[in-house]
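Subject: The structure we talked about

Dear colleague,

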Protein chains: 2
Amino acid sequence: MKAVVLLSGGLDSSTVLYQAKADGYKCYAISFDYQQRHRQELQAAIAIAKIATATAHQIVSFDLRLWGGSALTDQKIDLPENRSLPEMSESIPVTYVPARNTIFLSFALSYAEAIAAERVYLGVNILDYSGYPDCRPDYIQAMQEVFRLGTKQGRHGQPITIATPLITLKKTEIIQLGDRLGVPWEQTWSCYTSGTFEGTASKPLACGVCDACRLRLAAFKELGRQDPISYLSTGAKTSSQTSESTYVSP
Amino acid sequence: MKAVVLLSGGLDSSTVLYQAKADGYKCYAISFDYQQRHRQELQAAIAIAKIATATAHQIVSFDLRLWGGSALTDQKIDLPENRSLPEMSESIPVTYVPARNTIFLSFALSYAEAIAAERVYLGVNILDYSGYPDCRPDYIQAMQEVFRLGTKQGRHGQPITIATPLITLKKTEIIQLGDRLGVPWEQTWSCYTSGTFEGTASKPLACGVCDACRLRLAAFKELGRQDPISYLSTGAKTSSQTSESTYVSP
């Protein structure tokens, strides 16, 4: 059995990759270089696909700066900093990229049909869909219809299905699931920036103040744990090399 | 009013661009360089967007050769030649590109939302949907749901609509519509190859034998007309510079 797994390199999609593997699929990871501000995530995706022994990993490149419309693709729009969780869920954030998941799922569908895969895995979850329209269950259902009607495989065989194993999970629950699956958290990248190199660091430091960093930090904190990646600024911690070994997959 | 128009540079999408203009929209054309075999069509799209005085024209580049799966993106798969119309409609052809329209519409949706456009125009028609799953009315309807549910604009305002003005038309009727709208046929490119330069030709010659050429030639012939573009091989004609001036838009 084959599955295409949308892999951004963050906590969620990395957990989904390990879940797909646990579900018994040969995993074909797909990532996107859309000239996002946080292209550092691609390095994380490459490392994780390798550690998870994905069968293949495609990186599709295009430029969403062409029309911008998001803080992630337009350097003139500032990233929100130091927002509380309630503030984040008030409205669709400036980090919303118009139709991003539709673009991502379309490429995943094309890839899946070309290699005759049965499934496409996507890491959307409750936290996402409080903010982003293209992460909600009704949207996923609409895309499922597109998967069925818009392909040869869907019309003449078994439609490729969209699997969203995290859709009912909170960030803390995703971390607990990933722990059980052996996700190498120290390799993941969630930050909306591409990080900062400081001192003798071999890896960039996550900013610690963007929405993505704050959600991630809050979840680890709620679990009474330290996030094994290093941050430039958190108020709480900047690095935790000591705890890292706990999370390294075998 | 703003509309995004999917413009491949062929007969159908060029007619749709002129229709969108006639409908009163400021037109934002979008074309795709996906490393298709017939990238010559992009030159046609550029010329037509300019002649039609489109407000903007975006060309989005990505590489669908990554996974192939189509004669248009994999040089190892031969293009069908000299097929009759009934043969063409027997099954989904090897020129089917997995999920291509879904990818194209996704980018168009992203562009439309970023510029606050009301509509996306797409040139699908009866001829297409006899063969291609992602050209049929039920598929378009499924994508319309995605447009509604997958965007900020669709959730919180008026959804961006998909307009398919050619969906009930045959190729001959499209040509008749394009005539009325002033589409410069001599600038369009339908051939599945990028053409051949011969002698002192300043433009490449269309092959005349692929499905796209044959459908186009058959439609002009049925109307008792000469196709104003030049062909390498048709049995019927190779060039018709004399009739060209008839179709040049002012």
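What follows is a short tour of some places in this structure, which is a predicted model.

I begin with a stretch of chain A that carries an annotation. In an unreviewed UniProt entry, the annotation "binding site" covers a run of residues that includes Ser8(A), Gly10(A) and Ser13(A). Are they buried or exposed, or something in between? Ser8(A) has a relative accessibility of 32%, and it therefore counts as partly exposed, because that label is used for values between 20% and 50%. Gly10(A), with a relative accessible area of 7%, is buried, because its value is under 20%.

The two residues also meet each other, as a polar atom of the Ser8(A) side chain lies 3.2 Å from the backbone nitrogen of Gly10(A). If residues up to four places away in sequence are not counted, Ser8(A) touches Ser13(A), Glu41(A) and Ala45(A), while Gly10(A), with its neighbours within four places left aside, is in contact with Thr188(A), Trp189(A) and Ser190(A).

Staying in chain A, please look next at strands β2 (residues 26–33) and β3 (residues 56–61), which run parallel and are joined by six bridges. Within this pairing, Ala29(A) stands opposite His57(A) of β3(A). Together with helix α2 (residues 40–51), the strands β2(A) and β3(A) make a right-handed β-α-β unit.

Further along chain A, Asp227(A) has its place in the loop between α9 (211–222) and α10 (241–244). With a relative accessibility of 1%, Asp227(A) counts as buried. Which side chains does the side chain of Asp227(A) reach through polar contacts? One of these contacts, of 2.6 Å, joins it to the side chain of Arg216(A), and another, of 2.5 Å, is made with the side chain of Tyr231(A).

Turning to chain B, helix α4 (residues 100–115) has 16 residues and reaches 23 Å from its first C-alpha to its last, which is close to the 22 Å expected at 1.5 Å a residue. This helix is mostly covered, given that 15 of the 16 residues of α4(B) are buried. Just after α4(B) comes Ala116(B), which takes a positive phi of about 60° and is a residue other than glycine. Ala116(B) belongs to the loop between α4 and β4 (119–121) of chain B, and at 47% relative accessibility it counts as partly exposed.

Thr53(B) is another residue with a positive phi, in this case about 50°, although it is not a glycine. Its place is in the loop between α2 (40–51) and β3 (56–61) of chain B, and with a relative accessible area of 57% Thr53(B) is exposed, because its value is over 50%.

Lastly, Gly24(B) lies in the loop between α1 (11–22) and β2 (26–33) of chain B, where it is partly exposed, with a relative accessible area of 44%. How far apart in space are Gly24(B) and Ser89(B), C-alpha to C-alpha? They are 35 Å apart in space, and 65 residues apart in sequence.

With best wishes

Methods. Residues are numbered from 1 along each chain as its sequence is written. Chains are lettered from A and ligands numbered from 1 in the order in which they are written. This is a predicted model: local features need pLDDT of at least 70, side-chain atom pairs count only at pLDDT 80 or more; totals for chains, interfaces and linings use all residues. Side-chain values use heavy atoms; hydrogens and water are left out. UniProt positions are given in the numbering used here, feature names are shortened, and annotations may be inferred rather than shown by experiment. Buried means under 20% relative accessible area, exposed over 50%, partly exposed in between (1.4 Å probe, protein chains only). Contact means heavy atoms within 4.5 Å. A polar contact is a pair of N or O atoms within 3.5 Å; within protein, one must be able to donate a hydrogen and the other to accept it, and residues adjacent in sequence count only if both atoms are side-chain atoms. Helices (H or I, at least four residues) and strands (E, at least two) are DSSP runs, numbered from the N terminus. The expected span of a helix is 1.5 Å times one less than its number of residues. Two strands pair if DSSP finds at least two bridges between them. A crossover is right-handed if, with the strands pointing away from the viewer, the path from the first strand over the helix to the second runs clockwise.
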